[in-house]
Amino acid sequence: MQTHFAQGWPATRLDLARKVGAPSLRDSVPWARVETSPGRYTFEGAGVAALDSFCRKGGSLLLVAVPLNPLYDGGGALRSPGAKAAFAGYIAALQAHFASCLTAIEIGNEINSMNSRQLFRPGETGVDPLREYVDLVRTARETLRARGGTAKILGGSSNMIATGFLDSLFARGLLDAADALAVHPYRSQAENLDVELAHLADVMRRRGKPLPVWASEFSDNYPTPEMAAPQLVKEATLLAAGGVEAAHWYALVDQKWFRNMGLYDADGRTKPAAQAFSLAQRELLAHGRPERVDVGDPNVRLYRFGADSWVAWGASGRAAFDASARLLDARGQPLSGTEAELNDDPVIALRSARPTFTQGPVVADSLLGYGSGDWRYLARKADGSERTLPLLDGQWTTYHGDRFVRPLWIGDVAGAPAGEGTGAIHAIVRYTSPAARKVSIAVCIDKQPGGDGIDVALRRGKTDLAAALVTASQRFALRDIALGAGDTVDLVVGPNVKAGRDGFRYRIRIYAEPHVPAADCPARAVSVYPAKI
């Protein structure tokens with residue numbers, strides 16, 4: 001759980017952390033407060049006292065150490081060996097004060113911002129800031145070990161799973177300098193978090209040495225408090241199944257900038273996310289890492305915790321559990337009966353053998369099927385030529401795109417076209433039918449505010465099934481569409497007359513007939529625009 005006692009939170013909020021069952025807090029004891037004169041360390045104040053209290057009652061800490069102190073290198077990004085040694089001394093002082101309660105130290109915070117003062121110095125030339133950061137991590141770790149410290153040193157600290165940025169650090173030796181990697185996988189929906197984690201692990205393996213991963217911040221500023229609970233349960237499940245060593249929810253209490261990220265509001269009232277946090281911690285993660293179970297439907301997710309606890313969600317279908325099973329929603333509230341219709345919100349079943357499934361009408365879902373064999377992502381130029389878009393590891397996240405065509409990109413729920421007028425480049429999300437069937441199709445697409453709109457078409461092969469100029473939101477619902485094996489269904493998005501503000505969020509679902517798709521277009525998938533790409 002993320003707390004902000006360093007920012008003046010009252011110590012009474014420790015009671016909320018204990019109430020919700022958080023075994024570890026992520027906070028900070030800023031360097032400039034600890035070392036106000038060179039070589040002298042003072043741990044005092046209400047923030048330190050609150051963390052000390054949490055430790056005395058059996059909790060553990062992950063502390064963020066931002067490498068900025070006005071005593072060294074002018075208060076900017078550290079460059080001199082003496083300043084780096086001083087920072088390492090501060091790291092060792094943190095360990096000495098908090099002792100075994102301090103399990104990890106995260107070097108820097110969200111350093112993938114291109115104007116981060118932690119890495120960059122204005123006007124500096126002839127210096128590699130990323131190499132300097134890796135050297136700082138290595139110095140801190142070596143100094144800590146030489147003084148008997150056992151806390152893990154976490155490097156990277158990226159906003160989102162910034163594999164491209166992190167790989168630049170790997171190339172400079174981070175995998176040998178740190179004990180683990182810190183990422184902040186903020187996302188409006190949990191799905192495909194496991195895909196991103198697996199891709200990050202592959203990139204580390206190519207560099208020769210995979211490190212454990214800590215999700216030292218995760219959540220999102222959801223449009224409503226109710227949306228946080230199901231996403232928390234799914235994200236905790238996917239993070240644990242993906243091998244993440246530890247995860248800290250952001251944050252314990254709402255802040256004025258982030259009204260829907262806390263487990264509690266500013267007055268300490270319980271929010272849906274707090275109920276989900278307790279459920280995940282006490283009823284699910286207490287059993288250890290979950291295992292994904294294949295039910296034969298790619299649009300269904302089923303995970304087993306321990307011998308008899310389950311989390312399930314999906315595009316459609318029905319799960320039947322044991323007669324003695326206890327079924328809960330993401331807030332831990334009882335569900336009636338022992339069967340559940342699957343949708344985007346997870347169902348939790350306790351004390352049940354493996355459930356049986358009845359397949360639902362959805363045969364393809366662009367969110368749950370993202371990156372799988374039936375889905376492709378392409379760019380179409382003005383001359384009609386098409387190019388498959390590879391995965392690109394960006395400064396913030398991984399997406400399908402082209403390094404030479406900006407701002408074109410396609411992710412699992414969002415994307416953008418490029419160009420304008422005769423130079424327009426369309427983004428295409430393509431589904432290829434593996435078999436002949438009659439289907440109905442539901443599409444929802446929401447445009448980023450501003451600009452002059454986006455041209456949207458839904459096509460079977462080269463024939464338009466529907467088209468619209470979208471300035472805000474659009475829903476397509478089509479019935480009785482015949483697809484042959486190998487036939488394609490494309491969602492094609494291009495700019496209108498002028499480029500700019502052309503980002504969009506989307507979801508496509510394809511149903512086996514007979515089915516009326518209009519009511520099933522999931523508004524939840526279009527709630528928040530990606531903050532950074």
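**Close-ups of a predicted model**

**View 1. Phe 98 and its neighbours.** Skipping neighbours within four places in sequence, Phe 98 is in contact (heavy atoms within 4.5 Å) with Val 29, Phe 43, Val 48, Leu 51, Asp 52, Cys 55, Leu 61 and Leu 63. This is a predicted model, so local features need pLDDT of at least 70 and side-chain atom pairs pLDDT 80 or more, while totals for chains, interfaces and linings use all residues. Residues are numbered from 1 along each chain as its sequence is written, and side-chain values use heavy atoms, leaving out hydrogens and water.

View 2. Helix α5 covers residues 129-146 and reaches 26 Å from first C-alpha to last; helices here are DSSP runs (H or I, at least four residues) and strands are E runs of at least two, numbered from the N terminus. Its buried residues (under 20% relative accessible area, 1.4 Å probe, protein chains only) include Leu 130, Tyr 133, Val 137 and Leu 144. Among the elements covering them are α4, β3 and β4. At the N-terminal end, Asp 128 caps α5, with a side-chain oxygen 3.1 Å from the backbone nitrogen of Leu 130. Just after α5, Gly 148 takes a positive phi of about 85 degrees.

**View 3. The six-stranded open sheet.** The strands run in the order β18-β17-β23-β28-β25-β26, with antiparallel pairing (strands pair if DSSP finds at least two bridges between them). β18 and β26 stand at the edges with a single partner strand each, so one side of each lacks a neighbour in the sheet. Seven bridges join β25 to β28, and Arg 460 has Val 489 in β28 as its bridge partner.

Technical notes. The expected span of a helix is 1.5 Å times one less than its number of residues. Buried means under 20% relative accessible area, exposed over 50%, partly exposed in between (1.4 Å probe, protein chains only). A polar contact is a pair of N or O atoms within 3.5 Å; within protein, one must be able to donate a hydrogen and the other to accept it, and residues adjacent in sequence count only if both atoms are side-chain atoms.
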